[in-house]
Amino acid sequence: MRKPPRHRLVPTNVAALAAGVSEATIRKWVSRGKITRYGTPGRSEFDIDELTQIALRRLG
């Protein structure tokens, strides 16, 4: 899987807000393979488009 463009990547706290969950839940989702983590050690980043899709599924 290719890394998304830089402008689509957000840090963990923004990812949690976008998905409507806690930062701990974002970390759990990563460990369970539900979402993809990008970034470097100590700096997690997430694709805002992927998070939007998850949030929409949770609402539906």
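Buried means under 20% relative accessible area, exposed means over 50%, and partly exposed lies in between (1.4 Å probe, protein chains only). By that definition Arg 32 is exposed, with a relative accessible area of 64%. The model is predicted: local features need pLDDT of at least 70, side-chain atom pairs count only at pLDDT 80 or more, and totals for chains, interfaces and linings use all residues. Residues are numbered from 1 along each chain as its sequence is written, and side-chain values use heavy atoms, with hydrogens and water left out.

**View 1. The open sheet has three strands in the order β1-β3-β2**. Helices (H or I, at least four residues) and strands (E, at least two) are DSSP runs, numbered from the N terminus. Two strands pair if DSSP finds at least two bridges between them. Pairing in this sheet is antiparallel. β1 (9-11) and β2 (38-40) stand at the edges, each with a single partner strand, so one side of each is left without a neighbour in the sheet. From one strand to the next, the twist averages 30°. Angles run from 0 to 180 degrees between N-to-C directions; axes are lines fitted to C-alpha atoms, for helices over the stretch in contact. Strands of a sheet pair through backbone hydrogen bonds, either parallel or antiparallel.

**View 2. β1 and β3 run antiparallel**. Three bridges join β1 to β3 (residues 43-47). Val 10 has Phe 46 of β3 as its bridge partner. Pro 11 is bridged to Glu 45, also in β3.

**View 3. β2 and β3 form a hairpin**. Their pairing is antiparallel, over three bridges. Thr 40 stands opposite Arg 43 in β3. Two residues lie between the strands. Gly 42, in the turn, has a positive phi of about 85°. At 87% relative accessibility, Gly 42 counts as exposed. Gly 42 and Arg 57 are 15 residues apart in sequence and 29 Å apart in space, C-alpha to C-alpha.

**View 4. Helices α1 and α3 each lie across β1 and β3**. Contact means heavy atoms within 4.5 Å. Helix α1 (residues 12-19) runs at about 100° to β1. Helix α3 (residues 48-59) runs at about 65° to β3.

**View 5. Ala 15 is buried in helix α1**. Its relative accessible area is 0%. Not counting residues up to four places away in sequence, Ala 15 touches Val 10, Ile 26, Phe 46 and Leu 51. Ala 15 and Ile 26 are eleven residues apart in sequence. In space they are 7.4 Å apart, C-alpha to C-alpha.

**View 6. Glu 45 is a buried residue of strand β3**. Its relative accessibility is 5%. A polar contact is a pair of N or O atoms within 3.5 Å; within protein, one must be able to donate a hydrogen and the other to accept it, and residues adjacent in sequence count only if both atoms are side-chain atoms. Glu 45 touches Arg 6, Leu 9, Val 10, Thr 36, Arg 37, Tyr 38 and Gly 39, not counting residues up to four places away in sequence.

**View 7. Asp 47 is found in strand β3**. Asp 47 is buried, at 7% relative accessible area. Its side chain makes a polar contact of 2.5 Å with the side chain of Arg 8. The side chain of Asp 47 also reaches the backbone nitrogen of Asp 49, at 2.9 Å. Not counting residues up to four places away in sequence, Asp 47 touches Pro 4, Arg 8, Leu 9 and Tyr 38.

**View 8. Arg 32 sits in the loop between α2 (23-31) and β2**. Arg 32 and Ser 44 are twelve residues apart in sequence. Their C-alpha atoms are 15 Å apart in space.

**View 9. Lys 34 lies over the face of Trp 29**. The distance from the ring centre is 4.2 Å. A charge sits over a ring if NZ of Lys or CZ of Arg is within 6 Å of the ring centre and within 35 degrees of the ring normal. The structure holds zero aromatic pairs. Rings of Phe, Tyr and Trp (its six-membered ring) pair if their centres lie within 6.5 Å; planes under 30 degrees apart count as stacked, over 60 as edge-to-face and the rest as tilted.
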